[in-house]
Amino acid sequence: MKNIFSGLRKPGGSSSRKGPDQQFGTGLWRHNRDRFIRAVDRYYTTTVAIHELSADGRSPSADANTIIEGTKRLNDLVPVVDEITARLNTHHPVSGQVVPGHTRNAVGDTPELLTKASSKVAEAVLAASMARTEIIAGRQIGPSATATARFISDAAQLLERVQENLDGLGQS
């Protein structure tokens, strides 16, 4: 059976030659990035377990595939988060966890949006974990699959808002 996860980029990997501290800083932007990456990693782990439970000689159900496809969607968001946090570190470096007033004026609600995006991925992990439990119990996973897809879409929309914020500041 072909591994459906083959070809995915390792979450958290970066194509940049700079070290992570140089690229993302050591403060809030790095914290937000790392939190997002950890949630994506947990989602991947949970999805692998769902795939293994579903792979008893037959193709995964449509609902299981919805959850599994979420891995690819999240994988596509990792470079977006990398770009956002690198831009923030370049233009508005923050060394701690508190955004100074002048930076807050410049970036608006960007820190909260990044935190919410990570939280949405964490909610997707919880929904996928529920699906795994439902598979083990022999129950339908449709509601969990729907919730998983919705949380991932919410995270993507939040990241789009962050990009709009940054584009509105005239940063490149």
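**Notes on a helical protein model**

1. Serine 144 has its place in helix H6; helices (DSSP runs of H or I, at least four residues) and strands (E, at least two) are numbered from the N terminus. The model is a predicted one, in which local features need pLDDT of at least 70 and side-chain atom pairs count only at pLDDT 80 or more, while totals for chains, interfaces and linings use all residues. Residues are numbered from 1 along each chain as its sequence is written, and side-chain values use heavy atoms, with hydrogens and water left out.

2. Is serine 144 buried or exposed? Serine 144 has a relative accessible area of 7% and is therefore buried, a term for values under 20%, with exposed meaning over 50% and partly exposed in between (1.4 Å probe, protein chains only).

3. The side chain of serine 144 makes a polar contact, at 2.9 Å, with the side chain of glutamate 134. Such a contact is a pair of N or O atoms within 3.5 Å; within protein, one must be able to donate a hydrogen and the other to accept it, and residues adjacent in sequence count only if both atoms are side-chain atoms. Apart from neighbours within four places in sequence, serine 144 is in contact (heavy atoms within 4.5 Å) with Ala127, Met130, Ala131 and Glu134.

4. Helix H5 (residues 110–137) packs against helix H6 (residues 142–168) at an angle of about 165°, with the axes 8 Å apart. Axes are lines fitted to C-alpha atoms, for helices over the stretch in contact, and angles run from 0 to 180 degrees between N-to-C directions. H5 and H6 are therefore roughly antiparallel, as angles over 145 degrees are called, whereas those under 35 count as roughly parallel, 65 to 115 as roughly perpendicular and the rest as oblique. The contact of H5 with H6 has 16 nonpolar, four polar and six charged residues; Ala, Val, Leu, Ile, Met, Phe, Trp, Tyr, Cys and Pro count as nonpolar, Asp, Glu, Lys and Arg as charged, and the others, Gly among them, as polar.

5. The axes of helix H2 (residues 28–54) and H5 cross at roughly 15° and come within 9 Å. H2 is therefore roughly parallel to H5. Their contact has 20 nonpolar, seven polar and three charged residues.

6. The protein as a whole has six helices and zero strands. Of its 172 residues, 44% count as buried.
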